[in-house]
Amino acid sequence: MFSWFNKTDSDSPSDAAIQLDPTNVPGHVAIIMDGNGRWAQKRHLPRVAGHKQGMNTVKTITIAASRLGIKVLTLYAFSTENWKRPNDEVNYLMKLPVEFFDTFVPDLVKNNVQVRVMGYIDQLPEKTRGAVERAVADTKDCTGMVLNFALNYGSRAEITTAVQQISQEVEDGTLKPGDITEATIGQHLMTSGLGAYSDPDLLIRTSGEERISNFLLWQIAYSEFVFLGPHWPDFTPALLTEAVYQFQQRKRRFGGLKK
């Protein structure tokens, strides 16, 4: 179901050897961008330096994913649990979207990339929320890849909210308990607006950790997992290509048998 490799692993093909099948590119790739702080500490830098470098990596990988033909790229940018981090770090993370979108939106428009955001956006600081809303508005007419940020997002909270909404519909008499299906639940999740691409085909986590960390728990039921050794600031288009290559070697049966 999953694999783990460093860029130097002998089992991982060289960049030149990778030939992707253009007919089997994952439609939706989700990434847990892990390791910014450890990247900085390894270099005797403050943790925020890792977050800043990680922002530059987001820019590089977004364009690379678009060129690979990926339809949706979902990035786990800030979780509902990340508020527990030191105040200075949280404050810096809240400022990053302002700088990120101010400098990157023109490139996104140039590459026909549309920005979407899922999470409890109303709980963000006003300046952060404003930057996010402007980026969504400025790219709304783009028809290429969707760059979907999970910002102040947690999957358990998302599912809890969905259950509350469905329960209210039952209480209001607009929905019968017996009519609740998997599709009903999916329609109440934050990924519902992604349509056919609501569930990731491929989930990548950097930094060598092998946890899901409360990310898209419902949606990744049949995703392929690839865990990578490098920290997020060291993640490159070549590593993204390797992960897609790993995906293309899998036989996805969704609980059935391949004919």
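**Close-up views of a predicted model**

Helix α2 is followed by G69, whose phi is positive, near 95°. The model shown in these views is predicted.

**View 1. Helix α2 and what packs against it.** Helix α2 counts 22 residues. From first C-alpha to last, α2 reaches 31 Å, close to the 32 Å expected at 1.5 Å a residue. Its buried residues include G50, H51, G54, M55, T57 and V58. Further along, K59, I61, T62, I63, A64 and A65 are buried too. Which elements pack against the buried residues of α2? They are β2 (28-32), α1 (36-42), β3, α3, β5 and α7. An α-helix has 3.6 residues a turn, so residues three or four places apart point the same way.

**View 2. Helix α3, with a bend at F104.** Helix α3 covers residues 87-110, 24 residues in total. Its first and last C-alpha atoms are 36 Å apart, close to the expected 34 Å. At F104, α3 bends by about 45°. A proline, P106, follows within four residues. After the helix comes N112, with a positive phi near 60°.

**View 3. The buried residues of α3.** Among the buried residues of α3 are E89, V90, L93, M94, L96 and P97. F100, F101, F104, V105 and L108 are also buried. What covers them? The cover includes α2 (47-68), β3 (72-79) and β4 (114-118). It also includes α4 (126-138) and β5 (146-153).

**View 4. P233 in its loop.** P233 sits in the loop between β7 (224-228) and α7 (237-248). Is P233 buried or exposed? Its relative accessibility is 8%, so P233 counts as buried. Leaving out residues up to four places away in sequence, P233 touches G35, N36, W39, G50, Q53, G54 and T57. The C-alpha atoms of P233 and S207 are separated by 9.6 Å, although the two residues are 26 places apart along the chain.

View 5. Side chains of opposite charge can pair when their charged atoms come close. R38 forms a salt bridge with D34, with the closest N and O atoms 2.9 Å apart. D34 has 13% relative accessibility, so D34 counts as buried. R38 is partly exposed, at 30% relative accessible area. R38 also forms a salt bridge with E209, where the closest N and O atoms are 3.0 Å apart. E209 lies in the loop between β6 (202-205) and β7, and R38 lies in helix α1, so this pair ties together parts that are 171 residues apart in sequence. E209 is partly exposed, with a relative accessible area of 21%.

View 6. R252 forms a salt bridge with D201. Their closest N and O atoms are 3.1 Å apart. The pair links distant parts of the chain. R252 is in the segment after α7, while D201 is in the loop between α6 (182-187) and β6, 51 residues apart. Both residues are buried. Elsewhere, salt bridges that share partners join D34, R38, R205, E209 and R211 into one network. A search of the whole structure finds twelve salt bridges.

**View 7. Confidence along the chain.** The protein chain averages a pLDDT of 92. Of the residues, 92% score at least 70. Over residues 1-14, the pLDDT is below 50. In the model, this stretch has 38 contacts beyond near neighbours in sequence.

How values were computed
Residues numbered from 1 in each chain as written. Predicted model: local features only at pLDDT ≥ 70, side-chain atom pairs only at ≥ 80, totals over all residues. Heavy atoms only, no water. Helix = DSSP H or I, 4+ residues; strand = E, 2+ residues; numbered from the N terminus. Expected span 1.5 Å × (residues − 1). Bend = angle between axes of the 7 residues up to and from the residue. Buried < 20%, exposed > 50% of the residue type's maximum accessible area, 1.4 Å probe, protein only. Contact = heavy atoms within 4.5 Å. pLDDT = per-residue confidence, 0-100. Salt bridge = Lys/Arg side-chain N within 4 Å of Asp/Glu carboxyl O.
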